[in-house]
Amino acid sequence: EALNGRLRELSGILSAASKETEEANLLILRLEAAPRPAPKEEKKKGGAAPKPTSTPTAEYTFQKDGRYLLLFSSGGNGHQILALDDAEGAFPYGAFQFINLTGKDVELRYPDRKVALRSNARTVVKNPAADHQYALAEIHTKADDGYEVGHVHRSLQQPNVRSLVFLLPIPDEPHAIRSKTIEDRRPAEPAGAK
C-alpha cells in the first residue's frame with residue numbers, strides 16, 4: 001500500500017510538471033510570435049553597426065530571372081536549396097520529373113522505351129499512358145553484370161498534374177529503390193477568364 005501511495009504521489013508530481021512544461025512552451029510560442037520593438041540605433045565605441053542576430057540556414061543565388069521550383073533539404077552536409085528551372089514547357093503538366101538520389105545509374109523502362117538516368121541527375125518523362133490511365137515503369141539499377149529491377153513505379157496519367165518523383169536508395173539492399181512523389185496540380189482558371 002505504501003508503494004501504491006508513493007506511485008500516486010509521483011504520478012501527481014509528473015502530471016503537474018507536464019502541465020507546467022506545456023504552459024511554458026505556450027508562453028515561449030507567444031513571446032516568439034509577439035511583435036518586437038524596433039532596435040535602438042546605438043553606436044558602440046568603435047561606431048560599428050550592431051550585428052544581425054540570426055543567419056540564414058541556406059542561401060541560393062539565382063543566375064537569371066525566371067520561374068523556379070525550390071527544394072529545401074538538410075543532410076550530413078547542412079541545409080541546401082536546389083532550384084529547378086520552371087520555365088514554360090520545361091516541366092509541363094501531365095509529366096513526371098524523376099530525380100535520381102540513389103547514388104547509382106538507373107534506367108526507367110516503359111513498355112515502349114527506356115530512359116537512362118545518371119546518379120544525381122533528373123529527367124522529365126511524359127507518361128506513355130492515355131489520360132486517366134495507369135502506366136508501369138520498371139526502374140533498374142546498374143549492377144556488375146547489367147541491370148537489376150529495383151522498383152516498379154505505377155503512375156496515373158493526369159493532364160492537370162505534374163509529379164516530382166524522388167528515387168531513393170534502401171539501406172542494406174544494394175539494388176532496391178524506393179520512391180517519394182510530390183504532385184503539383186494546375187491552378188484553376190479564375191472565373192470569367194475564358
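**Reading the cores and strand 3**

Modeller: Let's start inside this predicted model. The largest nonpolar core has 13 residues, and those with the most contacts inside it are F98, V106, L108, V125, I139 and L167.

Biologist: Which elements give two or more residues to this core?

Modeller: They are strand 3 (95–100), strand 4 (106–110), strand 5 (113–117), strand 7 (134–143) and strand 9 (161–170). Strand 4 gives the most, with three residues.

Biologist: What does L167 touch, not counting residues up to four places away in sequence?

Modeller: Its partners include F98, V106, L108 and I139, and also I177, R178 and S179. Another core, of eight residues, lies apart from the one we began with; F91, A95, I99 and F166 are among them.

Biologist: How do I read whether a strand such as strand 3 is buried?

Modeller: Residues count as buried when their relative accessible area is under 20%. In strand 3, six of the six residues are buried, so the strand is largely enclosed by the rest of the structure.

Biologist: Which strands pair with strand 3, and in which sense?

Modeller: Strand 6 (residues 122–126) pairs with it in the antiparallel sense over five bridges, with V125 as the bridge partner of F96. Strand 9 pairs with strand 3 in the parallel sense, over five bridges, and there V165 is the bridge partner of F98.

Conventions. Residues numbered from 1 in each chain as written. Predicted model: local features only at pLDDT ≥ 70, side-chain atom pairs only at ≥ 80, totals over all residues. Heavy atoms only, no water. Core = buried A, V, L, I, M, F, W, Y, C linked by side-chain atoms within 4.5 Å. Buried < 20%, exposed > 50% of the residue type's maximum accessible area, 1.4 Å probe, protein only. Helix = DSSP H or I, 4+ residues; strand = E, 2+ residues; numbered from the N terminus. Contact = heavy atoms within 4.5 Å. Pairing = 2+ DSSP bridges.
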